[in-house]
Amino acid sequence: MTEVNQKTAYDDNNIFAKMLDGDIPYHKVYEDDKTLAFMDIMPQAKGHVLVIPKQKTADLANLEPEYAAAVLMTSKKVMQAQRKVFEREGIIQMQLNGAQSGQTVFHYHIHLIPSSIHELGRHAVAQADQSELANIAKQLAAAINDA
Ligand code: AMP
């Protein structure tokens, strides 16, 4: 029988693990004891944010309940801030599991993208301007703080 519940091994050197270890820079939107939210460097729409758990897990298969709850609650905060900052209701929540789905970074993460599914840009292709990312991160962080 085909194994349908394959588990992707966790690589401690993946780019998000390095962010959690403080080894590479990123544009922070929000952080608490269990999660981190930051700007996607190759956004599929303006304001694309990623939310990761501080648990080291490649995808949804091994995500622990307390971290599952925490990433969703942080996603909710970020989504509400995106609605406020971009003055739009439509925010896509997306999450890929396994290379076959198109996943490229193997540390679990939720994408929050201010876009319609019909207008979504290409996945992880074009790098955004760093100063624009920094500016959006600041606005989103302020909106979360004010909530
Ligand atoms: P996925 O393909 O679902 O694993 O998504 C990985 C996401 O990480 C893509 O949308 C990339 O644009 C994004 N990404 C890759 N490297 C970085 C980085 N250094 N900082 C922020 N986002 C990144």
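Mentor: One term before we start: a polar contact here is a pair of N or O atoms within 3.5 Å. Also, keep in mind that this is a predicted model.
Trainee: Okay. How far is an oxygen atom of the ligand from an N or O atom in the side chain of His 109?
Mentor: That distance is 3.0 Å. For the side chain of His 111, an N or O atom sits 2.8 Å from a ligand oxygen. His 123 has a polar side-chain atom 2.5 Å from an oxygen of the ligand.
Trainee: And how much of the ligand's accessible area does the protein cover?
Mentor: It covers 93% of the 500 Å² that the ligand has on its own.
Trainee: Which residues come nearest to the ligand?
Mentor: There are 18 residues around it, and Asp 40, Thr 104, Val 105, His 111 and His 123 come nearest.
Trainee: Why would nonpolar side chains be buried together?
Mentor: In soluble globular proteins, that is what they tend to do.
Trainee: What does Val 49 touch?
Mentor: Leaving out residues up to four places away in sequence, its contacts include Val 29, Ala 37, Met 39, Val 78 and Leu 140.
Trainee: Now the rings. How many aromatic pairs are there?
Mentor: Two. Phe 16 and Phe 38 are edge-to-face, 5.3 Å centre to centre with 70° between the planes. That pair links helix 1 to strand 2, 22 residues apart.
Trainee: Is Phe 16 buried or exposed?
Mentor: Buried, because its relative accessibility is 5% and the cut-off is under 20%. Phe 38 is buried as well, at 1%.
Trainee: And the other pair, which residues form it?
Mentor: Tyr 26 and Phe 38, tilted, at 5.8 Å and 55°. Tyr 26 is in the loop between helix 1 and strand 1. At 26% relative accessibility, Tyr 26 counts as partly exposed.
Trainee: What do the three rings form?
Mentor: Phe 16, Tyr 26 and Phe 38 make one aromatic cluster.

Terms used
Residues are numbered from 1 along each chain as its sequence is written. This is a predicted model: local features need pLDDT of at least 70, side-chain atom pairs count only at pLDDT 80 or more; totals for chains, interfaces and linings use all residues. Side-chain values use heavy atoms; hydrogens and water are left out. Contact means heavy atoms within 4.5 Å. Rings of Phe, Tyr and Trp (its six-membered ring) pair if their centres lie within 6.5 Å; planes under 30 degrees apart count as stacked, over 60 as edge-to-face and the rest as tilted. Helices (H or I, at least four residues) and strands (E, at least two) are DSSP runs, numbered from the N terminus. Buried means under 20% relative accessible area, exposed over 50%, partly exposed in between (1.4 Å probe, protein chains only). A residue is near a molecule or strand if one of its heavy atoms lies within 4 Å of it. A polar contact is a pair of N or O atoms within 3.5 Å; within protein, one must be able to donate a hydrogen and the other to accept it, and residues adjacent in sequence count only if both atoms are side-chain atoms. Accessible areas come from the Shrake-Rupley method with a 1.4 Å probe; for residues, only the protein chains shown count as cover.
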